[in-house]
Amino acid sequence: MTRLGNDTKLREGVEAPAYDRDTLEEGIVHLGFGAFHKAHQALYTDDALAAEGGDWRIHGVSLRSSEAVDALRPQDGLYTLVEADATGVSARVIGSVGSLSSFAHGDAERVRAALAAPGTRIVTLTVTEKGYGIDRDTGGVDPDHPAIAHDLAHPDDPQGVAGLLTLALRQRRDAGTPPFTILCCDNLPENGALVRGLILDFGGRTAPELRDWIAENVAFPSSMVDRITPAATSELLDEVREMIGCEDHAPIRAERFRQWVIEDRFPQGRPAWDRAGALLVDDVAPYEHMKLRMLNGAHSMLAYAGFVGGHKYVRDVMADGDLAALVRRHLKAAAATLAPLEGVDFATYAEDLAARFENPHLGHETYQIAMDGTEKLPQRIFAPARDALAAGQDLRPFAFATAAWMRYCTGRTEEGEEYALRDPREDEIRAALEGVEDPRAIAETLLDLPRLVPQELRDHVPFREAVAECLSLFVSAGAAATIGQEARRG
């Protein structure tokens, strides 16, 4: 069967790019080219190009593997996005990505050329929380992060985000080329400010004279992104072949819902993302907090409790009445920690989230969501718990979520099968728990891990006791009984 490409005829009803791709140049470099970017920012850009045109096509850069770009190159950068909700599924082909996207470790010169090109006016980022190498205590670089350590030692041959961006900005300054805008699209609070602190610190360590120039000239707008995007499966290849009438080796599947809130600060211009449905605002922070605490916080809770309870997918979690009740309890508790947001009803938002989690057409694995817990829990669980403590609100939902994570950290299913934690601090966690069997001792050990749980929570005896109580029940009675008892508690 023919493979997807510029000249491929699609089946009737499959939406194709509504613009002439050959007339538009690249204006965005994206670092961290993967499933979420393809389902989110690349889609918004595709719609923006259809609405208003402009030289804003995307040069995708994969940082960890060449697989994503290798699949796209023979397809002229085209791929299929399958969108699903409770009513069914549909397919469209996305054309905003260029045909010569790169792998950072195999196409280093091409990546550097794309970042240095005068036509590149925006660099977008989705490298996950652990990919930046940020020291959360200082807001600067973590010298022990592998990519940071390499790039500090080899600033002219970088491999990580901070090194690549700093080298490109130095090259642009030296050439008299205006700097690009750096737009973080990861689930981090005040993500623009965080990345700015990272780059300023890295620049100050490798090219001190560059730091002030970056501080004065480079924009780091914040953004909030939202779209549930499961990892692609081999079954998706077969499904897409039937839907579009040709082979596609790079399809992606996502829920139909999408949201993008962007701080509107782009000195060198931007695509017409507003015409594609993005919300351009002066302050993203309230939207970030809402999404991180409600959607992402509930996602983490249900992922850990669901995984140890034997539920493979989020939709399976929501089919468990007791666990679904705890999801709604968590959403309510997270909402109570938020300041009012004009035009948003948190109760309605919570019900919308629950409905999205129930989507029968998405195979979003709890094990996938459970990755990188030590990077995610500080903003998703511990920050709202700290605010709840200060306001005198119920800490139990956050204690339960913490205990579910701790049960996951034991690394064994209830049937005794071992699994990888897939966490950047996995070795540290396993070493800390070696020989520790008593659940209360496990809780004390993990609560006292450095640079994780805020001191206010660590010092709060009722919170520690609630975590230990929940974890003890997880270990002694099993996940199903624990979840049932917690649901009855309300």
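Modeller: Gladly; we will take some labels one by one and set each value against its definition.

Modeller: This is a predicted model, in which local features need pLDDT of at least 70 and side-chain atom pairs count only at pLDDT 80 or more, while totals for chains, interfaces and linings use all residues. Residues are numbered from 1 along each chain as its sequence is written, and side-chain values use heavy atoms, with hydrogens and water left out.

Biologist: What makes the aromatic pair of Trp-260 and Trp-273 tilted?

Modeller: Rings of Phe, Tyr and Trp (its six-membered ring) pair if their centres lie within 6.5 Å; planes under 30 degrees apart are stacked, over 60 edge-to-face, and the rest tilted. Trp-260 and Trp-273 have their centres 4.7 Å apart and 50 degrees between the planes, hence a tilted pair. The structure holds ten aromatic pairs.

Biologist: Why does the pair of Trp-260 and Trp-273 tie together parts that are apart in sequence?

Modeller: Trp-260 lies in strand β10 (residues 259-263) and Trp-273 in the loop between β10 and β11 (279-281), so the pair links parts 13 residues apart in sequence. Helices (H or I, at least four residues) and strands (E, at least two) are DSSP runs, numbered from the N terminus.

Biologist: Why is the pair of Phe-266 and Trp-273 called edge-to-face?

Modeller: The ring centres of Phe-266 and Trp-273 are 5.9 Å apart and the planes stand at 70 degrees, so this pair is edge-to-face. Phe-266 and Trp-273 are both buried.

Biologist: Why does Gly-269 count as partly exposed?

Modeller: Buried means under 20% relative accessible area, exposed over 50%, and partly exposed in between (1.4 Å probe, protein chains only). Gly-269 has 26% relative accessibility, so partly exposed is the label. Gly-269 sits in the loop between β10 and β11. Leaving aside neighbours within four places in sequence, Gly-269 is in contact (heavy atoms within 4.5 Å) with Trp-56 and Ile-122.

Biologist: What puts Arg-121 over the face of Trp-56?

Modeller: A charge sits over a ring if NZ of Lys or CZ of Arg is within 6 Å of the ring centre and within 35 degrees of the ring normal. Arg-121 lies over the face of Trp-56 at 3.8 Å from the ring centre. Arg-315 lies over the face of Tyr-313, at 4.4 Å from the ring centre.

Biologist: Why are the buried residues of α8 said to be on the same side?

Modeller: In helix α8 (residues 208-217), the buried residues are Leu-210, Trp-213 and Ile-214. They cover an arc of only 100 degrees around the axis, so they fall on the same side of α8; the arc is that of the directions from the helix axis to the C-beta atoms. Pro-208 and Glu-216 are exposed on the other side of α8. The buried residues of α8 pack against α6 (161-175) and α7 (191-206).

Biologist: What makes β3 and β4 a pair?

Modeller: Two strands pair if DSSP finds at least two bridges between them. Strand β3 (residues 79-85) and β4 have seven bridges in the antiparallel sense, and a hairpin joins β3 to β4 through two residues. Tyr-79 has Ile-94 in β4 as its bridge partner.

Biologist: How do you know that strand β4 is mostly covered?

Modeller: Strand β4 (residues 88-94) has seven residues, and five of them are buried.
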